[in-house]
Amino acid sequence: MKEYEPIYVTKPFLPPLEEFQEYLEHIWSTKQLTNKGTYHDMFEKKLAEYLDVKYVSLFSNGTLALISALQALRITGEVITTPFSFVATTHALHWNGIKPVFCDIDPVSYNLDPQKIEAAITPKTTAILPVHVYGNPCDIAKIQDIAGIYGLKVIYDACHAFGVTINGNSILNFGDLSVLSFHATKIFTTFEGGAIISHDEVTKKRIDFLKNFGFAGETTVVAPGINAKMNEFQAALGLLQLNYVDQSIEKRKKIAEYYRLNLSRLPGITCLEDVPGVRHNYAYFPILIDKEQYGKSRDELYDALKKNGIFSRRYFYPLISQFPTYKGLESAQPGNLPTAEEITQKVLCLPIYPDLELDRVMQVINQIRGHKHYTKKRGSLA
Ligand SMILES: *Cc1c(COP(=O)(O)O)cnc(C)c1O
């Protein structure tokens, strides 16, 4: 029975298979599989238009895009970053031989707290690597001010922020570079995939050399690049997905509104709210659980949901700073990151994806409200 099918935190959106079939036939007939193919170049152009950004460089995944973005700007020494993200953010620094310096987050946006950035700057600092976590915009103005004063580069990990705008302007137009991911769990997927957004042609060119072993021509290698190219299958899916992404975001928005309507007044539950002037993408629906008021801890709720076939996720727990590679760093000590430590213990991301029906959302809501059994009354608040 439908009611008892498991509900996962996300489910990728795919366009109708027949539509993809046509692209496959083209690939089969041309035998062009990768290396700046027709679909690659079309997708790069269409994506730049959709996102309203100047230059897009497509990548095989977001992690290689992050690693290459740091290479492109020759970032070295120390970089200030957030512990409240997916591990790839910090791993990208590690793979470049850069020392991550963790800085605490803001208690409302869960993003890097600009008030605390300056204290983390040393003579070795060369850049800031903030994350628009859950697609919620960082304090871009304050971060830019600090970067300007200290001569630092800013690379945004915008892997959650596809389609997000502030006062009609893409969030990707801020900072020196922004990095996107099109992984299967993201709101816009090309199976695996990613991109770097840049603002001038020279930088775009350098990024494109880097993702193809450093080749600048048939026999010219200008840099020790890597293989991080997006293939034609990924690009073809990307082209199709562009036709559906606005619809997906609209459906997600309805789910987010339904959760908020039914959960925000529940004692001990805090929902992440929309920010005025921001077009959100509703990639995630995080709530904070306060044990004192709610009566159950986050982990108790997580387990209770799981027992009832609802698979929420504790994004982002543990903090990146708690993983073995990083926990010895001075900046990783819990005393340096009090807000991040608190949020990571309280946060839970609820299921949200375009095809999730509202009666299934109601099931999740009812569970959180402490109902032990599913109610059969659809859409009822009982
Ligand atoms: C998904 C994600 C990445 C990595 O992207 P992949 O495409 O999976 O390599 C990096 N940073 C953040 C914040 C992410 O959510």
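Phe316 is found in the loop that runs between strand 14 (310-311) and helix 11 (338-346), where helices (H or I, at least four residues) and strands (E, at least two) are DSSP runs numbered from the N terminus. The model is predicted, so local features need pLDDT of at least 70 and side-chain atom pairs count only at pLDDT 80 or more, while totals for chains, interfaces and linings use all residues. Residues are numbered from 1 along each chain as its sequence is written, and side-chain values use heavy atoms, with hydrogens and water left out.

A cis peptide bond joins Tyr315 and Phe316, with omega at about 5 degrees. Another cis peptide bond joins Tyr317 and Pro318, with omega at about -5 degrees, and Pro318 is likewise placed in the loop between strand 14 and helix 11.

Asp52 has a phi of about 60 degrees and lies in the loop between helix 2 (38-51) and strand 2 (55-59), whereas Tyr110 has a phi of about 65 degrees and is found in the loop between strand 4 (99-102) and strand 5 (125-129).

Turning to the ligand, there are 15 residues around it, of which Gly62, Thr63, His160, Ser181 and Lys186 come nearest; a residue is near a molecule if one of its heavy atoms lies within 4 Å of it. By class, this shell has four nonpolar, nine polar and two charged residues, with Ala, Val, Leu, Ile, Met, Phe, Trp, Tyr, Cys and Pro counted as nonpolar, Asp, Glu, Lys and Arg as charged, and the others, Gly among them, as polar. Helix 3 (62-72) and helix 4 (88-94) each supply at least two residues of the shell, and the largest share, three residues, comes from helix 3.

| Side chain | Ligand atom | Distance |
|---|---|---|
| His160 | oxygen | 2.8 Å |
| Ser181 | oxygen | 2.7 Å |
| Lys186 | oxygen | 3.2 Å |

The protein covers 94% of the 380 Å² of accessible area that the ligand has on its own, as computed by the Shrake-Rupley method with a 1.4 Å probe.

Elsewhere, an open sheet of three strands has the order 8-7-12 with antiparallel pairing, two strands being paired if DSSP finds at least two bridges between them. Its edge strands are strand 8 (169-170) and strand 12 (278-279), each of which pairs on one side only. Strand 7 (residues 165-166) is joined to strand 8 by two bridges, and these strands run antiparallel; within this pairing, the bridge partner of Thr165 in strand 8 is Ser170.

How values were computed:
A polar contact is a pair of N or O atoms within 3.5 Å; within protein, one must be able to donate a hydrogen and the other to accept it, and residues adjacent in sequence count only if both atoms are side-chain atoms.
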